[in-house]
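Let's begin with the whole model on view and then zoom in on one part.

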Amino acid sequence: MAALDNLVVTTALPSIRADLGGSLDDLEWTVNAYTLTFAVLLMFGAALGDRFGRRRLFLAGVATFTAASAGAALSGGIGALVAARAVQGVGAAFMMPLALTLLTAAVPAARRGAYLGVFSAVSGLAVAAGPLVGGSLTEHLSWQWIFWLNVPVGAALLPLARLRLAESRGARPRLDVVGTILISTGLFGVVYALVTGNSDGWASAHVLLPLVLGAALVAAFLVHSGRNPNAMLPLRLFRDRTFAGINAASLLMFVGMFGSIFLLSQFLQNALGYSPTEAGLRMLPWTAMPLIVSPIAGVLHDRFGGRLVVAAGLALQAAGLAWFAAVIAPGVSYGTQLPALILSGVGMGLYFAPAGALVMAGVEPGEQGIASGTNNALREVGGALGVATLGAVFSSRGGYGSAQAFVDGTQPALWLGAGIVAAASLAALAVRGRRAPGAARVPVGARATGEARDVPERRERAAEPAGH
């Protein structure tokens, strides 16, 4: 649900405008309000989970997201819809990092790659399939159904999560209040500037000011984290080659991938004349491929290690984008596009599962919550930066005036996206080589014995079988 709602609203914007009215800026904020709160609060949500209980905060996130989805579907005006989307982002910021942490704690280290492969396949497919799902529901039902879809899923998930997930906490009992304020407000300024820069002008005061102040607050957060032994994000984590390398690769990957999907989904509609549903179906060789490839990539990670799998996946993603940039034209046939779509899809599928496992492998088990929050925050910031950067290239070289103008803007943007993802592949090579299967820093049974990773609730620890 959280991943799908990144882009699910994009193909519904014309119908939303017809029903609710609003300016172009208002419509953009139906997308940006979600991205903004989601990116800003990811690390905060992970830190709260470590402090007050990961299952408890995960359930709070699911409940918030589900209620906000119903509020979005019932919105009677564009302002109410934007507000509901912002609240959805709050719920998603609690769900996403804690879901990965809870899953990591629940499965044996030697098989973690395979399990994370399934998780990553669903997440990656949801992100990329957002325009198809939104377009299909809007075309055949109504735009409200892109939000109603979440309500029964969330309602069913709440009792299941309460009954089936074990409670756990991080190693640090105290919340880093200063660090939380600095990074949350800093990310708000940076992401706000990124999502409004193209529409409002990068030289305008209300874009430059939050960008500069946000960057300053992020820098202050880094200084604070370097000096405070109980900081929300211990900077020593980045001294680990695995953690630093995979986070750099994730940031660059999402810059190139998000920006490219944003433009290519529009290319199929604006330049080639497909309907939203037709465009989404033609993107399936790319967007649906992770559902097939990610579980395989997880098994490859368990057998051979994640470093080369991630690097190869990113290299294939870059090759697919470069291929698309080379063949894109106003009348390009679908058969000519297909190899680029398949390459990109295989590459994305190879990246997702091992990347999640490497994030967790690069930190101490008790710090996996904030590690997941950091990685997710960097991905979201990368996505916002990708749309802003590639969108700026598109605007400077082309436009929406004709099919040729759209191609003129999209082609150089895709070349840039391919170069950024290629840089991500190089960053992935900085990750340490393969560890032996099961060579986790804490034994698999640590959760049951209360070792460093978690501080389980006593009643649930006693109820678990030994070694669970």
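What follows is one request for a close look and one connected answer.

Q: Please take me closely through helix α13 and its contact with α15, and then on to the next helix, α14.

A: Happy to! This is a predicted model, in which local features need pLDDT of at least 70 and side-chain atom pairs count only at pLDDT 80 or more, while totals for chains, interfaces and linings use all residues. Residues are numbered from 1 along each chain as its sequence is written, and side-chain values use heavy atoms, leaving out hydrogens and water.

Helices here are DSSP runs of H or I with at least four residues, numbered from the N terminus. Helix α13 covers residues 289-304. Its 16 residues should span 22 Å at 1.5 Å a residue, and the 21 Å between its end C-alpha atoms agrees with that; the expected span is 1.5 Å times one less than the number of residues.

Now find its partner, helix α15 (residues 334-361): the two axes come within 7 Å and cross at roughly 45 degrees. An axis is a line fitted to C-alpha atoms over the stretch in contact, and angles run from 0 to 180 degrees between N-to-C directions. The pair is therefore oblique, the word for angles that are not under 35 degrees (roughly parallel), over 145 (roughly antiparallel) or 65 to 115 (roughly perpendicular). Their crossing is right-handed, meaning that the near helix is turned clockwise from the far one by less than a right angle.

Where do they touch? On the α13 side, the contact (heavy atoms within 4.5 Å) is made by M289, P290, V293, S294, A297, G298 and H301. The α15 side includes I342, G345, V346, F352 and A357. The contact's residues divide into 12 nonpolar, five polar and no charged; Ala, Val, Leu, Ile, Met, Phe, Trp, Tyr, Cys and Pro count as nonpolar, Asp, Glu, Lys and Arg as charged, and the others, Gly among them, as polar.

Just after the helix, G305 takes a positive phi of about 95 degrees.

Then comes helix α14 (residues 307-327), which packs with helix α17 (residues 403-428) at about 165 degrees, their axes 8 Å apart. This pair is therefore roughly antiparallel, and α14 passes α17 in a left-handed crossing, with the near helix turned anticlockwise.

Key: Helices (H or I, at least four residues) and strands (E, at least two) are DSSP runs, numbered from the N terminus.
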